[in-house]
Amino acid sequence: MRMRLEFTTEPFDLEEPPEHALAAREVLAAGPLEAVDVGPFGNTAEGEEEAVIAAVAELLRRTVAVGATRVSLQVSVLGAGPR
């Protein structure tokens, strides 16, 4: 099953990316996720169910460990197989 992950981490800093935002980018880059889009107000990625679930767990562990005070996320089911 394919899924789409959308998330933001806080607190925001428009001057330069905070450490938790950099950690989130590393999680997305390290995994087998596709259609990765990283931006200042939100991030998205797609992948198979297990890859997205693993990314969410790692994302929460890493971003909170380096200062995120809030991680808002949404996971949507896209379909049963590769696009």
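Colleague: Hi! Which residue stands opposite Val 38 in β3?
Modeller: That is Asn 43. This is a predicted model, where local features need pLDDT of at least 70, side-chain atom pairs count only at pLDDT 80 or more, and totals for chains, interfaces and linings use all residues. Residues are numbered from 1 along each chain as its sequence is written, and side-chain values use heavy atoms, with hydrogens and water left out.

Colleague: And what is the bridge partner of Asp 37 in β3?
Modeller: Thr 44. β2 and β3 (residues 43-48) run antiparallel, joined by 3 bridges, and they form a hairpin with 4 residues between them. Strands here are DSSP runs of E, at least two residues, and helices are runs of H or I, at least four, numbered from the N terminus. Two strands pair if DSSP finds at least two bridges between them.

Colleague: What order do the strands take in the sheet?
Modeller: The open sheet has 4 strands in the order β2-β3-β1-β4, with antiparallel pairing.

Colleague: Why is one side of β2 and of β4 left without a neighbour in the sheet?
Modeller: Because β2 (34-38) and β4 (70-79) stand at the edges, each with a single partner strand.

Colleague: Switching topic, which strands does helix α1 touch?
Modeller: Helix α1 (residues 19-30) packs on the sheet and touches β1 (2-10), β2 and β3. Contact means heavy atoms within 4.5 Å.

Colleague: And helix α2, which ones does that touch?
Modeller: Helix α2 (residues 49-65) also packs on the sheet, touching β1, β3 and β4.

Note on methods
Axes are lines fitted to C-alpha atoms, for helices over the stretch in contact, and angles run from 0 to 180 degrees between N-to-C directions.
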